[in-house]
Structures are given as C-alpha cells and as structure tokens.
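Here is a short walk through one protein chain, written to be read with the model open beside you.

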Amino acid sequence: MIKVEKSFVEQMFSLKDKVALVTGATGALGGAVAKAFAYQGAKVVLTGRNLGKLQEIKAEFALDSLGCEIISGDPAIESDASKIIEYAASKLGRLDILAVCHGYNKPKDILEQSVEEWQTIMDADLKSVYVISKLSASQMVKQKSGGKIIITSSARSKMGMKGYTGYCASKGGCDLMVQSMASDLAPHGITVNSVNPTVFRSDLTEWMFDKESAVYQNFLKRLPIGRLGEVEDFVGLFSFLASKASDFLTAGNYDATGGYWGN
Ligand SMILES: NC(=O)c1ccc[n+]([C@@H]2O[C@H](COP(=O)([O-])OP(=O)(O)OC[C@H]3O[C@@H](n4cnc5c(N)ncnc54)[C@H](OP(=O)(O)O)[C@@H]3O)[C@@H](O)[C@H]2O)c1
C-alpha cells in the first residue's frame with residue numbers, strides 16, 4: 001500500500017490560516033516573500049524600520065486584493081522586537097511563521113573600517129536575527145502548536161570576501177545559529193532553517209546586473225545557471241520551508257545560488 005494521502009499532497013504547500021511575520025518587508029526579498037505567503041493563504045504581518053515604506057507596501061498589497069498588517073521596529077532592539085510580536089499575536093491571534101528577510105552591508109577593508117562600523121553590521125545581520133527569532137520562538141512555544149523559522153543567510157556565510165569581515169562573519173553566525181536554535185526548538189515542534197542566496201536583484205545590487213560589466217561577466221563564469229537571481233527565484237524555497245511539506249526538515253542551510261561556486 002503506497003503511503004501518500006491525496007489530501008496531504010493537495011494541501012502540503014497551503015498556509016491557509018497561518019500567521020506569518022516577515023522582517024525586512026520593505027526590502028526586495030521581504031516584500032516578495034510576504035506577498036507569496038499571502039497568496040498561499042497566510043495572514044501576514046510586515047515589519048521593517050521604515051513606517052512610510054510599510055504603508056506604501058500595504059497599499060500595493062491592497063491593489064492585488066491582499067490584506068496585511070504592518071508594524072515598524074528594529075529587530076535588533078529587544079523592546080521593538082517584543083512590540084512587533086505582541087502586535088502580531090494580538091492582531092491576528094497567534095504567530096506560526098517567522099521569515100527573517102532584513103539585512104545590511106557596508107563593505108570596507110578591515111584596515112579602514114572602524115570597530116563601530118563592524119559592530120553595526122553584526123547587530124543588523126546577527127544580533128537582530130537572534131533577538132527576533134528568540135522572541136518569536138517564545139510566542140510559538142506558548143501556543144504549543146509548533147512553528148517555522150526561516151532565516152535569510154547568504155552564500156557568503158561560507159566564503160570570505162575582501163571588505164566583508166562583518167557581513168561574512170554575521171552570515172556564518174546565522175548558519176550556525178540556525179543549527180543550534182533548531183536543536184533547542186525541536187522539542188517544541190519548531191523547525192529552523194536558512195536560505196542562502198547568491199546575488200539577486202535589489203536596490204543595492206541593481207548595478208551588478210549590467211550585462212556588459214566586468215562584475216557581471218565575472219559572476220557568470222562561476223554561475224552554471226547562466227544568470228544572477230531575481231526575488232521570485234527564492235519565494236518557492238521560503239514557501240516550502242514555511243509549509244507542512246517541509247515538516248521533517250530542520251537545522252538546514254539551503255543554498256539557493258544557481259550552482260554558484262568559487263569566490
Ligand atoms: N541582494 C542580494 O544579492 C543578497 C544576496 C545574498 C543574501 N542577501 C540577504 O537577503 C536579505 C534581503 O536582502 P535584500 O537584497 O532584499 O535587501 P534590501 O532590499 O536592501 O532590504 C533589506 C531590508 O532590511 C532592512 N534593513 C536595512 N538595514 C537594516 C538594519 N541595520 N537593521 C535592520 N534592518 C535593516 C531595510 O528595511 P527598513 O529600513 O525598513 O528596516 C531593508 O528594506 C538580507 O539578509 C541580505 O543580506 C541578499
């Protein structure tokens with residue numbers, strides 16, 4: 001007897017009635033992930049530090065007949081993160097999914113960079129992930145029905161690069177934090193995974209997409225798939241990791257790189 005139920009397969013990617021919090025929702029990836037979750041049936045809460053931009057995105061969602069809640073705050077500040085999660089839980093009754101999509105980088109040679117500049121990157125890309133994940137997990141544990149935490153790391157978590165002492169260290173930290181959090185949270189039915197992309201199009205990376213440029217051509221030499229990423233390339237993996245199709249997967253750092261290799 002083959003052990004796969006039709007009803008399971010038909011519903012395995014559905015997020016109907018789930019409540020999802022997306023950080024960095026004002027950014028290229030976060031906005032796309034939030035919208036994908038909403039199309040999958042989730043009730044979504046969008047957060048970022050920029051309230052004006054969150055309001056613009058809420059209006060954009062409405063044009064597509066999608067609802068969302070918005071709340072501004074800095075995920076690295078414990079009181080802000082706490083306010084964000086309390087808002088999600090009180091407005092929508094619970095929190096089932098956290099997608100961490102915020103991030104920051106300001107590359108600089110170690111000899112030029114101040115310790116404060118390095119710390120800013122570490123706080124934006126590592127401390128914030130710890131704080132928002134910890135508080136989200138506490139809410140999920142209280143609810144006693146599991147949960148899904150998905151962290152945006154980077155292909156740079158495993159490859160150092162000139163000027164990237166902060167970014168690579170923080171993303172490497174995210175990968176190991178994912179594995180450690182997964183162990184802490186498994187007894188509570190909460191899975192924790194990361195998505196590790198290579199370069200995709202956003203305001204900050206748009207300049208790399210000039211096909212005539214040496215930067216683009218250099219990337220292509222190490223990109224078997226033959227192009228850089230677009231946000232739509234990643235929403236499937238986020239949706240999968242947020243859904244019950246991935247219930248057995250935890251502590252994973254999933255490369256989403258088009259086969260990118262080398263440095
Ligand atoms: N783009 C790429 O090629 C690429 C490649 C690999 C990995 N990633 C990772 O993918 C994630 C999303 O990247 P993206 O390209 O979508 O970025 P993005 O468009 O620049 O958006 C990132 C969002 O993060 C928030 N943010 C910026 N600085 C922050 C800080 N100091 N503290 C907290 N939040 C901050 C901003 O929102 P607010 O100002 O509203 O807070 C911003 O909208 C990041 O984790 C990034 O490291 C990106």
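In what order do the strands of the open sheet lie? The order is E3-E2-E1-E4-E5-E6-E7, seven strands with parallel pairing. Strands pair when DSSP finds at least two bridges between them. At the edges sit E3 (69–72) and E7 (252–256), each of which pairs on one side only. From one strand to the next the twist averages 20 degrees.

Before going further, please note that this is a predicted model, in which local features need pLDDT of at least 70, side-chain atom pairs count only at pLDDT 80 or more, and totals for chains, interfaces and linings use all residues. Residues are numbered from 1 along each chain as its sequence is written.

**The whole chain**

The protein chain holds eight helices and seven strands; these are DSSP runs numbered from the N terminus, with helices (H or I) of at least four residues and strands (E) of at least two. Its C-alpha trace spans about 50 × 50 × 40 Å along the principal axes. The radius of gyration is 18 Å, which agrees with the value near 18 Å for a compact globule of 263 residues. That radius is taken over C-alpha atoms, and the globule rule is 2.2 Å times the number of residues to the power 0.38. Buried residues make up 43% of the 263 residues, where buried means that 20 or more other C-beta atoms, placed from the backbone, lie within 10 Å of the residue's own. Of the contacts between residues at least 6 apart in sequence, 72% join residues at least 24 apart; a contact here means C-beta atoms, placed from the backbone, within 7 Å.

**Inside the sheet**

Strand E1 is largely enclosed by the rest of the structure, because five of its five residues are buried. Val19, Leu21 and Thr23 point one way from E1, while Ala20 and Val22 point the other way. In general, side chains of a regular strand alternate between the two faces of the sheet. E1 pairs with E2 in the parallel sense over four bridges, and Leu21 has Val45 in E2 as its bridge partner. Over at E6 (residues 190–197), five bridges join that strand to E7, and Pro197 has Ala256 in E7 as its bridge partner.

Leu98 belongs to strand E4 (residues 97–100). It counts as buried because it has 28 C-beta neighbours inside 10 Å. Leu98 and Ala20 are 78 residues apart in sequence, yet 5.8 Å apart in space, C-alpha to C-alpha. Not counting residues up to four places away in sequence, Leu98 touches Leu21, Ile132, Ser133, Ser136 and Ile149.

**Helices on the sheet and on each other**

Angles below run from 0 to 180 degrees between N-to-C directions, with axes fitted to C-alpha atoms, for helices over the stretch in contact.

| H6 (residues 165–185) | E5, E6 and E7 | about 165 degrees with E6 |

Helices H4 (residues 78–92) and H5 (residues 115–143) pack at an angle of about 35 degrees, their axes 9 Å apart. From H4, the contact uses Glu78, Ala81, Ser82, Ile85 and Ala89, and from H5 Val131, Ile132, Leu135, Ser136 and Gln139.

Key: Two residues are in contact if their C-beta atoms, placed from the backbone, lie within 7 Å. A residue is buried if 20 or more other C-beta atoms lie within 10 Å of its own, exposed if 12 or fewer, and partly exposed in between; C-beta atoms are placed from the backbone.
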